[in-house]
Amino acid sequence: MAEFLDLEAQDGVRMAWNVVPGTKQEASNCVVPVSAIYTPIKASPNMPVMPYAPLRCRTCRSILNPFSIVDFAAKIWICPFCFQRNHFPPHYASINDENMVAELYPQYTTIEYEPPGEISSLLPPVFMFVVDTCVIEEELGFLKSALSQAIDLLPDNSLVGLITFGTLVHVHELGFGQIPKAYVFKGTKDVSKDQLLEQMSFFVKKPKPPTGVIAGARDGLSSDTIARFLLPASECEFALNSVLEELQKDPWPVAADQRATRCTSTALSVAASLLGACVPGSGARIMAFIGGPPTEGPGAIVSKDLSEPIRSHKDLDKDSAPHYHKAVKFYEGLSKQLVHQGHVLDLFACALDQVGLAELKVAVERTGGLVVLAESFGHSVFKDSLRRVFQSDDYDLGLSSNGIFEINCSKDIKVQGVIGPCASLEKKGPLCSDTVVGQGNSSAWKLCGLDKATSLCLIFEIAKKETTDAPVQPASNQFYFQFVTYYQHTSGQMRLRVTTLSRRWVAGPGSIQELIAGFDQEAAAVVMARVVSFKMEIEAEFDPIRWLDKSLIHICSRFGDYQKESPSSFSLSPRFSIFPQFIFNLRRSQFVQVFNNSPDETAYFRMILNRESVANSVVMIQPSLISYSFHSGPEPALLDVSAIAADRILLLDSYFTVVIFHGATIAQWRKAEYHNQPEHQAFSQLLQAPRDDADLIMKERFPVPRLVVCDQHGSQARFLLARLNPSATYNSDAPLPGGDIIFTDDVSFEVFLDHLQRLAVQ
């Protein structure tokens with residue numbers, strides 16, 4: 001495992017197969033696709049940043065890298081992707097094997113370029129706050145205080161705009177200092193960009209140009225008209241805070257048997273059109289704060305009648321959610337518009353009800369937006385997460401914008417697609433596979449918003465057919481991959497990050513042991529989780545449990561060690577040994593089991609899974625459990641009901657929630673306040689230790705997880721029990737050491753493994 005982590009630290013890449021199956025047939029026998037999880041702008045302290053432009057191959061446009069073959073005497077380099085011979089330009093004249101450029105050093109497989117002079121045309125960051133006012137007074141109070149804190153944290157040069165919405169959409173003219181002034185749009189009506197500019201008097205001083213697209217101060221708009229709606233944070237803080245202070249709950253009356261009239265989609269559409277006209281191509285973010293279900297406009301998810309329930313998973317399966325397809329179609333259109341403009345949609349949804357996240361998912365995910373789902377604007381999950389977005393310390397998110405991600409690879413490899421927060425740029429070419437997974441049919445993708453943790457899952461296909469010719473020379477058994485990310489760094493500078501990888505391929509009868517040696521079971525589990533989530537969303541009648549089980553049985557029968565028809569002889573290499581456990585937990589996870597989750601929650605969990613790194617995704621699939629007791633220091637415990645003991649504290653990290661669980665005895669002592677007595681200092685330290693560890697976890701995670709502190713047999717203990725392996729249920733005969741059982745008919749991991757062994761050896 002350690003060597004995979006070292007590779008990730010250097011290049012930000014984890015591959016399921018680090019020794020690649022060499023032919024199409026071999027690859028399909030491997031079940032888990034040839035894939036990589038890549039974090040394009042992972043923070044890397046040892047990576048050099050070069051102050052010049054990169055050198056590209058004149059045929060395939062790939063960039064000079066340590067795998068290029070260099071002839072120093074003739075000043076020529078050969079591209080490893082297309083074998084083109086390229087001459088070095090004059091300013092590389094002094095290179096020789098003593099005096100090399102950084103991009104040729106073998107340890108710099110990932111390198112960043114910062115060409116000079118690419119900063120002048122770029123705008124400062126832009127934040128457009130879109131605020132829902134159809135919430136109760138108390139919630140509005142929480143939201144207003146969170147927003148005013150966020151405004152204090154904004155960078156001084158960033159531009160800020162404000163739109164509030166309820167029954168109507170209000171665009172606030174912050175640049176009009178004398179009195180608060182707003183333009184109002186009807187929530188039911190779709191407003192085109194031209195109508196918007198006309199009605200907001202954009203062409204009073206400077207007439208509208210007769211032809212061409214209106215695109216910011218360079219094309220058809222004067223900068224003072226833009227400054228009416230988008231002001232630098234340092235100038236508009238007072239105006240913005242005074243508008244927020246006076247912000248009232250939506251004044252339109254709501255009948256007792258009706259929902260509030262909320263036109264979320266119209267407000268987002270107005271925000272997108274306004275930013276598209278004023279600041280196209282800049283790193284602008286629409287930050288939407290939504291407190292309930294949209295009931296008006298093209299993105300409504302439910303009618304105003306309370307007698308109509310909000311769609312559930314069952315309704316979506318049976319195709320009986322009347323508003324769903326119309327809303328998704330609208331948000332697909334909005335996502336295309338935002339991707340074209342290069343803008344990001346961030347969503348902060350805080351309500352006990354659903355807010356239409358399942359419909360909005362496409363727009364947030366294609367633009368690389370952030371998403372936070374909480375129960376209330378007063379909840380720490382929302383408040384701390386919002387603060388983290390603007391923080392500028394060690395734990396900042398490193399928000400960057402305007403990214404374009406490109407792949408180049410050896411000719412025997414094709415790209416099926418990317419599962420993650422990006423949008424396909426439809427750049428077709430010989431690299432594209434006919435099979436499409438996620439955002440496919442392209443070798444380039446747009447990343448409107450990305451941060452230090454954004455991770456893309458790239459799915460490849462081996463196109464090489466079986467050959468019966470003489471054995472290939474070992475020199476050509478390498479596959480090369482190059483990932484290029486062009487993006488606007490937080491400093492405002494445009495940067496280009498290049499990662500070039502080489503992986504050995506194997507084929508033929510003796511290759512199984514080599515494939516096993518290069519198998520990364522964590523990365524493979526995460527790839528399977530992303531693929532199964534994707535299939536559940538797009539394939540009708542897809543049975544995820546069956547698909548996962550069949551895949552696991554195939555893998556075990558291909559890579560396991562056993563005698564035919566003898567389950568007891570079955571064993572797996574250490575490289576594969578935890579994989580069945582990951583799949584067992586994935587089958588029970590919230591990504592596959594939609595029961596007891598709303599469509600919004602399922603969409604939220606999948607959106608986070610699709611953008612996080614391998615280490616974080618593994619915790620979502622299989623939570624970590626740490627046990628604290630007087631007898632020993634903190635130690636990892638099995639994710640099993642047998643881990644519960646009366647004199648133990650357990651800390652469960654399931655990514656979205658962090659649970660501190662006190663055993664029955666510990667809880668009694670705590671209630672008796674022993675920890676406050678000087679002679680019981682050790683007990684006080686025992687109570688504090690999991691608290692400190694939970695704080696550390698929560699400090700570096702986004703969205704900030706929910707903290708649950710509970711006692712054995714208490715109602716909140718369900719947060720822990722739901723994730724434990726049910727090795728003891730109400731049906732078990734044996735008495736239990738911890739005295740806890742789980743009321744479930746789910747199979748335990750032991751039974752699951754037993755069945756797996758029986759089926760794998762057939």
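Student: How many helices and strands are there in the protein chain?
Tutor: The protein chain has 21 helices and 30 strands, where helices are DSSP runs of H or I with at least four residues and strands are runs of E with at least two, numbered from the N terminus. This is a predicted model in which local features need pLDDT of at least 70 and side-chain atom pairs count only at pLDDT 80 or more, while totals for chains, interfaces and linings use all residues. Residues are numbered from 1 along each chain as its sequence is written, and side-chain values use heavy atoms, with hydrogens and water left out.

Student: OK, and which domains is the protein chain divided into?
Tutor: Domain 1 covers 1-115 + 399-465 + 476-519, domain 2 covers 126-206 + 222-389, and domain 3 covers 578-761; these bounds come from an automatic or database domain assignment.

Student: How many residues of domain 2 are in contact with domain 3?
Tutor: On the domain 2 side there are 25 residues, in contact with 23 residues of domain 3, contact meaning heavy atoms within 4.5 Å. The centres of these two domains, taken over C-alpha atoms, are separated by 37 Å.

Student: Switching topic, what share of the residues is buried?
Tutor: Buried residues make up 55% of the 762 in the protein chain, with buried meaning under 20% relative accessible area, using a 1.4 Å probe and protein chains only.

Student: And what about charges, how far apart are the mean positions of the positive and negative ones?
Tutor: They are 6 Å apart, for 67 positive and 84 negative charges, counting Lys and Arg as positive and Asp and Glu as negative, without His or the chain ends, and placing each charge at NZ of Lys, CZ of Arg, CG of Asp or CD of Glu.

Technical notes:
Buried < 20%, exposed > 50% of the residue type's maximum accessible area, 1.4 Å probe, protein only.
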